[in-house]
Amino acid sequence: MTVLAESAVRIIVLAAAVAAGLRVLRVTSPRVAHHAWTGVCVLMLLLPAIVAWAPEALVPILPPQVSPAVVDAPAPASLAVVEPPSIHRAIDPGVVSQPITWQLVAGGVYAFGVVLLLANLALGWWQARTMMRQATPVRGRLTHPRCVTPITLGLWKPVIILPPDWIDWDVAALAAVLAHEEEHVLRRDPLVAFITLINRALFWFHPLAWWLRREISALSEQACDAAVVSRGHDEARYAAVLLQFARAASSMGGRIAPLGTAMPGAGLARRLRMLETSARLAPSTVRTAWIAAAYFIAVAVCVAATPARPQAQAAGATGAVALRTYASEHFEIVYDTGQEDRVASIAREAEAAYSRLRVSLGYDLAQRVRVILAGPVSASNAADLARSSGAVTPAIVLSMDDRRQGGLLHELAHAFTLEIAPNVHRTAPWLAEGFAEHTRGLWDPADLANIRRALQSDGIPAVAAMADAHWGQLLFDFIAAQSGEEGVRRFFFALRSRTEVGAAIQTALGVSPAAFGQAFAGYAKERFGAR
C-alpha cells in the first residue's frame, strides 16, 4: 500500500506538470495532447515497479531538521540460530487470531475494486471478440447487426466494423467514416484504450485514472477527426455525419461499448468546436521540440526525484553537520552525505520490520522512529544530536553489521516495548531485552552456554527470580511455542498494568506462575538439555 500511495502522489505531480506545460505552450493539437496523456497513463501503470525497485535521486527541498536522541545497542559479534523442537502445549492458547488493522481492511477494499473492474474489462474484451467473430463481410466491409455506429475493434490486429445500413450511405460520408476509423487502426487506439482501462482498474481509487480514461478517449476521437479534415474532407459535411451517428446511438439507448473505439465517440461538443479551428491545430517543429523536452524533464523528475532534507546544523555542535533526513511512512532516517544509495533499501527493510511487529502486537507507534545510519559525521555528533532532540522515542544507530544480524528489528522491538509497556524497561529490563532478542530470532552462543550450564545444575530460576536477558528470550520463545503470537501479544499488554511478571502471566495466559514455571522448565530441558 505504501508503494501505491507514493505512486499516486508522484503521478499527480507529473499530471500537474503536463497540464501546465500544455497550457503554457498553448498546445491545441489533439494528437500531441493524446501522446502526452497516454505517456502519463503508461507511466502511472509502471510507477509502482519503479518506486519499489528503481534508484532514487534525493532532492534537498524539505526544511532542515536535527536528528533526535540516540541509543546505540550493538549486536553480539557471533550469532547462531536455534530452532525449537515440536512439543505438546502446556498452556491452552485459546483462539489465536491476527488483529484486524486498517491496513488489512484497506487492502481488502482495494483488492475488491481491482477484481471488480478487471472483471468488467474481461467482459468488454469478450464482447469485442464475440462481435469480431460474428461480423460478416458485405461488399468487402465487415458489418454486424448490433453495430449502431462504425467501430474499430482488436488489440493487435484492429478491424473496422460498420452498421448494416452502410451500403445506403453516400460516397462522401462513407469516405469520411473510413478515414476516421482507419486513423484509429493506424494509431492503435483500441490498445491504448485497453491500457487506460487496466490503469483504471489498478488505480481505481485515484481520480486521475478515471479522468485519463475519459480524456484519452476524447482526444483519440479528436485526433482522428483532425486527420479526416486534413485529408480534404469538408468540415461541415463531416460534422453532419457525426451528428447523424450521435442521433442514431441516442435512439438505440446508447451504443454497445465493447473494448474498442467508435463513432461518434466521446466529447462530441468539443469535437465540433475543434473542427472550426482545425487549420490552426498543428504545432510548429520548434514548439514540438520544446514540448518534448519539457515533457521528458517532467517525467524524469517525477520518477526519480525524492524530497529530502538539506544539510542540517546540530545544536551544541561546532560548525555544520553534513547530515540529511529521509522520511518514510514510519521512519525518519538520518544519514551522512554520500550514503544515498543505501537509504531507500534500508527504509524498505525498516518498514518490513515495523509491519511484522505491528501485525504481531496489533499496535501502531504514535510517532515516527528515527534511525541514524552510522557514518563519520553521524557517529561523531551522536551526543550533540541526542542532547538537542528531546524526543520520547530513542533513535536507532544502525551499522552494516547491525543490518546483517537483525539489529534493526531488535531495536525496533525496544521502541514498541517503550510505548506499549514503558515500565518494563525500569522494573524488568531483562524481559525487554529478551523480547527484543526473541523478535530477532537469533541466539548468542554465550547465552546458550549459560542456559545449558543452568540446566546441568538444575538451576532454572523461578519467574519471579529471573534477571538475565537470556531467560527473558527463552520465556518469550516458550509463550510463542505454546500460545502463538496472540499469547505473546496478550502477555505484552498485560505488562502495561501488571508490574510483576507472574501476575501478567496469570492475567494473559490464565495459568498460575507455578504451573507456568513447571511447563517452562520442561520446555527448556527438552529444547536445550540434551547435548
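Start with Phe205. Select it and show its side chain. Phe205 counts as partly exposed, at 35% relative accessibility. Keep in mind that this is a predicted model.

Next, select Tyr354 and Phe416. How far apart are the centres of the rings of Tyr354 and Phe416? They are 5.4 Å apart. The planes stand at 55°, so this pair is tilted. Colour the helices around them. Tyr354 belongs to helix 10 (residues 340–361), and Phe416 belongs to helix 14 (residues 407–420). The two residues are 62 residues apart in sequence, so their pair ties together separate parts of the chain. Are Tyr354 and Phe416 buried or exposed? Both are buried.

Is His206 buried or exposed? Its relative accessible area is 6%, so His206 is buried. Now show what touches it. Set aside the neighbours within four places in sequence. His206 is then in contact with Ala8, Ile11, Ile12 and Met44.

Select strand 11 (residues 369–373). Five of its five residues are buried. Look along the strand and show the side chains. Val369, Val371 and Leu373 point one way. Arg370 and Ile372 point the other way. Why do the side chains go two ways? In a regular strand, side chains alternate between the two faces of the sheet.

Strand 10 runs parallel to strand 11, and four bridges join them. To find your place, select Ile333, which stands opposite Val371.

Strand 12 pairs with strand 11 in the parallel sense, over three bridges. Keep Val371 selected. Opposite it in strand 12 stands Ile396.

Which residues of strand 12 are buried on each side? Ala395 and Val397 are buried on one side, and Ile396 and Leu398 on the other. Both faces of strand 12 are covered. Zoom in on Ala395. Its relative accessible area is 1%, so Ala395 is buried. Then draw a distance from Ala395 to Val369, C-alpha to C-alpha. The value is 6.5 Å, although the two are 26 residues apart in sequence.

**Helix 17**

Move on to helix 17 (residues 445–456). It has twelve residues. From its first C-alpha to its last it reaches 17 Å, close to the 16 Å expected at 1.5 Å a residue.

Which residues of helix 17 are buried? They are Asp447, Leu448, Ile451, Ala454 and Leu455. Look down the axis. These residues cover an arc of only 125°, so they lie on the same side of helix 17. Now see what covers them. The cover includes helix 18 (469–494) and helix 20 (513–529).

Check both ends. At the start of helix 17, select Asp444 and Ala446. A side-chain oxygen of Asp444 comes within 2.9 Å of the backbone nitrogen of Ala446. After the helix comes Asp458, which has a positive phi, near 55°.

**An aromatic cluster**

Select Trp471, Phe478, Phe516, Phe520 and Tyr523 together. These residues form one aromatic cluster.

**Zoom out**

Finish with the whole protein in cartoon view. How many helices and strands does the protein have? There are 20 helices and twelve strands. Then colour by burial. Of the 531 residues, 47% count as buried.

Key
Residues are numbered from 1 along each chain as its sequence is written. This is a predicted model: local features need pLDDT of at least 70, side-chain atom pairs count only at pLDDT 80 or more; totals for chains, interfaces and linings use all residues. Side-chain values use heavy atoms; hydrogens and water are left out. Buried means under 20% relative accessible area, exposed over 50%, partly exposed in between (1.4 Å probe, protein chains only). Rings of Phe, Tyr and Trp (its six-membered ring) pair if their centres lie within 6.5 Å; planes under 30 degrees apart count as stacked, over 60 as edge-to-face and the rest as tilted. The expected span of a helix is 1.5 Å times one less than its number of residues. The arc is that of the directions from the helix axis to the C-beta atoms. Contact means heavy atoms within 4.5 Å. A polar contact is a pair of N or O atoms within 3.5 Å; within protein, one must be able to donate a hydrogen and the other to accept it, and residues adjacent in sequence count only if both atoms are side-chain atoms. Two strands pair if DSSP finds at least two bridges between them.
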